[in-house]
Amino acid sequence: MTTEINYLAMYGLFLALLILLQVLISARQHGLSSLFGNRENLVSTGMTARAERTVQNSVVAMALIAPAVLMIAHNDLSSSSTILSIQIFLTARIVYSVCFIFGITYLRTLSWITGFFTTGYLYLMLL
């Protein structure tokens with residue numbers, strides 16, 4: 001397994017933990033009985049809403065980064081720059097998630113941009 005795939009697995013684990021955190025934050029706002037229901041009329045606000053959007057955005061980021069990492073591994077294109085890129089991506093996504101949940105706006109945007117550009121860089125390495 002390449003180093004990039006190991007970092008992708010770390011991101012997957014982080015995403016699973018982020019989902020668990022989001023559920024715990026939701027349970028605090030809405031109560032467990034509400035979460036057992038269909039949630040059709042459940043309106044989240046504040047930190048709970050931000051945690052939900054963080055998870056949604058992180059799933060999209062996973063959908064974008066995973067193909068690039070898998071193609072790099074499949075084509076034996078791993079290099080120090082692709083390893084650094086996935087390391088920066090993982091760090092940026094963790095910072096992004098913390099900032100989004102706690103409402104830290106400018107650093108959140110900067111970390112999102114960083115993660116997005118590192119994803120793009122990995123795709124450029126495939127050309």
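Colleague: Is the crossing of H3 and H5 left-handed or right-handed?

Modeller: Bear in mind that this is a predicted model. The axes of H3 and helix H5 (residues 105–124) come within 9 Å. Their crossing is left-handed.

Colleague: Thanks! Are H3 and H5 roughly parallel or roughly antiparallel to each other?

Modeller: The axes of H3 and H5 cross at roughly 25°. Angles under 35 degrees count as roughly parallel. H3 and H5 are therefore roughly parallel.

Colleague: How many residues of the contact of H3 with H5 are charged?

Modeller: On the H5 side we find Trp 112, Thr 119, Leu 122 and Tyr 123, and they meet H3 residues including Leu 64, Pro 67 and Met 71. This contact divides into 10 nonpolar and 2 polar residues, and the number of charged ones is: no charged.

Colleague: Good to know. How do H3 and H4 run, roughly parallel or roughly antiparallel?

Modeller: The axes of helix H3 (residues 46–74) and helix H4 (residues 80–102) come within 9 Å and cross at roughly 170°. Angles over 145 degrees count as roughly antiparallel. That crossing therefore makes H3, relative to H4, roughly antiparallel.

Colleague: And how many residues of the contact of H3 with H4 are nonpolar?

Modeller: H3 contributes Ala 61, Ile 65 and Val 69, among others, while Ile 86, Phe 89 and Phe 100 are among those from H4. Of the residues in this contact, 5 are polar, 3 are charged, and the nonpolar ones number 12.

Colleague: Which residue just after H4 takes a positive phi?

Modeller: H4 itself has 23 residues and reaches 33 Å from first to last C-alpha, close to the 33 Å expected. Just after H4, a positive phi of about 75° is taken by Gly 103.

Notes. Residues numbered from 1 in each chain as written. Predicted model: local features only at pLDDT ≥ 70, side-chain atom pairs only at ≥ 80, totals over all residues. Heavy atoms only, no water. Axes fitted to C-alpha atoms, helices over the stretch in contact; angles between N-to-C directions. Helix = DSSP H or I, 4+ residues; strand = E, 2+ residues; numbered from the N terminus. Parallel < 35°, antiparallel > 145°, perpendicular 65-115°, else oblique. Contact = heavy atoms within 4.5 Å. Nonpolar A, V, L, I, M, F, W, Y, C, P; charged D, E, K, R; others polar. Expected span 1.5 Å × (residues − 1). Left-handed = near helix turned anticlockwise from the far one by under 90°.
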